[in-house]
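Please take a moment to look over the structure shown here, and then follow the paragraphs below, which lead through it step by step.

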Amino acid sequence: SVDGSLRLWELESNAQIGENWRDENDARVWSMILSPNGKTVASGSEDGKVKVWDVEGSKTVLTIEPRERWVNAVIYSPDATKIATSGDMYAADIWNAKTGDRFKTLRHGMNGVTQTVGAISLSFNDRFLASVSWDKTARLWNLDTNLKIGPSLQHEQDLHCAALSTDGKLLVLVPKTKKCVHMGHTYHPQRSWP
């Protein structure tokens, strides 16, 4: 949220559970995700920090400080052992979710032109990562080799959202538009990326 807090909600009653979660500063939270096991929440903020919160205790248990000025996207691996982040440094980083140690960095840049990586998505089998950038490109990465799979997928607009299907066979991209709602584009990575 813009006030730097996180809130936990009970969906059936539509009621907030407990107080707002806060840490030492009030940096705007730009992204967050609940871990697959439901025990932690990871958040990315405009101060460039990733915080891992304990759901039961409503407190920060780990702070990761990427080199970004801000963190646009944060996601957990399906087994909750890794966290992937992206921001304004033209890359996606993979972190150890317990220690905050960096496993790898995947550079998104295209022919020397680099823009913010606006969104990332992990495949359910934890083998592929898709990254999309404000330079109108999407890339698919093999996390076993840390290499790009084929050439970049070029779009006509800046890309802000991406989602890989659970089987890793489809990639949905949503560009930035002036409309409130825009239908995404679906690609088949096996066909779009040689």
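In which sense do strand E9 and E10 pair, and over how many bridges? Keeping in mind that this is a predicted model, one finds that E9, which covers residues 91-96, pairs with E10 in the antiparallel sense, and that five bridges join the two. Within this pairing, Asp-93 has Thr-105 of E10 standing opposite.

These two strands belong to an open sheet of four strands, arranged in the order E7-E8-E9-E10 with antiparallel pairing. Strand E7 (71-76) and strand E10 (102-107) each have a single partner strand because they stand at the edges, so one side of each is left without a neighbour in the sheet. If direction is ignored, neighbouring strands of this sheet are turned by 20° against each other on average.

Stepping back to the whole chain, the secondary structure comes to one helix and 18 strands. The chain has 194 residues, of which 45% are buried, and its accessible surface comes to about 10300 Å², with 53% of that belonging to carbon and sulfur atoms.

Key:
Residues are numbered from 1 along each chain as its sequence is written. This is a predicted model: local features need pLDDT of at least 70, side-chain atom pairs count only at pLDDT 80 or more; totals for chains, interfaces and linings use all residues. Side-chain values use heavy atoms; hydrogens and water are left out. Buried means under 20% relative accessible area, exposed over 50%, partly exposed in between (1.4 Å probe, protein chains only). Accessible areas come from the Shrake-Rupley method with a 1.4 Å probe; for residues, only the protein chains shown count as cover. Two strands pair if DSSP finds at least two bridges between them. Axes are lines fitted to C-alpha atoms, for helices over the stretch in contact, and angles run from 0 to 180 degrees between N-to-C directions.
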